[in-house]
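Here is a friendly briefing to read alongside the chain on your screen. Take a look at the sequence and the model, and then follow the topics below.

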Amino acid sequence: MKTKINLIAFLILFTGMISSCKKDDNSSPANTNSTNVSNIITVGSWRVSYFHDGPDDHTSSFSGYSFIFSGNGSMTATNAGGTTNGTWSMDDSKNEFKITLSNTSPLKDLSHGWTVISKTITDIVLKDDNATHNEELHFTKI
């Protein structure tokens, strides 16, 4: 009888311990709402994974480019043709990400202010901060 009581007590205790365990799922990137864009974008290299100007898809124009955003506000856009230097800044109070690059295509299309729509450690989604323009830009970590 005492053995049965001990077994039941053990099962209750064991069940309680298992049910209190929390699964840690790191298989998908966490939404980093508490982390600012500056901390995300300055880690690693990035590519344009989506660029639409209204209904027109211009993503392929950025094929082969990689972007590096330095903590001091400088940035580079590199492809087989070379490296273009520029600057970037983030105004958290306005949720505005600003890029200043070359005056040559296609990089000039990125040169203006963008509103941050969403961010994770691997993706940043931006929309043109000018409501009359219908541009959307996605950077994805390489």
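**Strand partners and a charged patch**

Trp88 stands opposite Ile99 in strand β6. This is a predicted model, in which local features need pLDDT of at least 70 and side-chain atom pairs count only at pLDDT 80 or more, while totals for chains, interfaces and linings use all residues. Residues are numbered from 1 along each chain as its sequence is written, and side-chain values use heavy atoms, with hydrogens and water left out.

**Overall layout**

- The chain has 2 helices and 9 strands; helices (H or I, at least four residues) and strands (E, at least two) are DSSP runs, numbered from the N terminus.
- Along the sequence, the elements follow the pattern α-α-β-β-β-β-β-β-β-β-β.
- Of the 142 residues of the chain, 30% count as buried. Buried means under 20% relative accessible area, exposed means over 50%, and partly exposed lies in between (1.4 Å probe, protein chains only).

**Around strand β6**

- Strand β5 (residues 82–91) and β6 run antiparallel and are joined by 5 bridges; two strands pair if DSSP finds at least two bridges between them.
- β6 also pairs with strand β7 (residues 113–119), again in the antiparallel sense, over 3 bridges. Here Lys98 has Gly113 in β7 as its bridge partner.
- In a regular strand the side chains alternate between the two faces of the sheet.
- Strand β6 (residues 96–100) has Phe97 and Ile99 on its covered face, with Glu96, Lys98 and Thr100 on the uncovered one.

**The loops on either side of β6**

- Asn95 lies in the loop between β5 and β6, a hairpin with 4 residues between the strands.
- The phi of Asn95 is near 60 degrees, a positive value in a residue other than glycine.
- Asn95 counts as partly exposed because its relative accessibility is 32%.
- Pro106 is found in the loop between β6 and β7, and a cis peptide bond with omega of about -5 degrees joins Ser105 to Pro106.

**Strand β1 and its neighbours**

- Strand β1 (residues 46–53) pairs with strand β9 (residues 135–141) in the antiparallel sense over 7 bridges. In β9, Glu136 is the bridge partner of His52.
- β1 also pairs with β2 in the antiparallel sense, over 2 bridges, and Asp53 stands opposite Asp56 in β2.
- The hairpin of β1 and β2 has 2 residues between the strands, and Gly54 takes a positive phi near 65 degrees there.
- Phe62 sits in the loop between β2 and β3 (66–69). Phe62 counts as buried because its relative accessibility is 2%.
- From C-alpha to C-alpha, Phe62 and Arg47 are 7.9 Å apart in space, although 15 residues apart in sequence.

**The negative patch**

- Which residues form a negative surface patch? They are Asp53, Asp56, Asp57 and Asp109.
- A patch is made of residues with over 30% relative accessible area and no salt bridge, with like charges joined within 9 Å and nonpolar side chains (Val, Leu, Ile, Met, Phe, Trp, Tyr) within 5 Å. A salt bridge is a side-chain nitrogen of Lys or Arg within 4 Å of a carboxyl oxygen of Asp or Glu.
- Asp56 lies in strand β2 (residues 56–57). Asp56 counts as partly exposed because its relative accessibility is 44%.

Key. Accessible areas come from the Shrake-Rupley method with a 1.4 Å probe; for residues, only the protein chains shown count as cover. Lys and Arg count as positive and Asp and Glu as negative; His and the chain ends are not counted. The place of a charge is taken as NZ of Lys, CZ of Arg, CG of Asp or CD of Glu.
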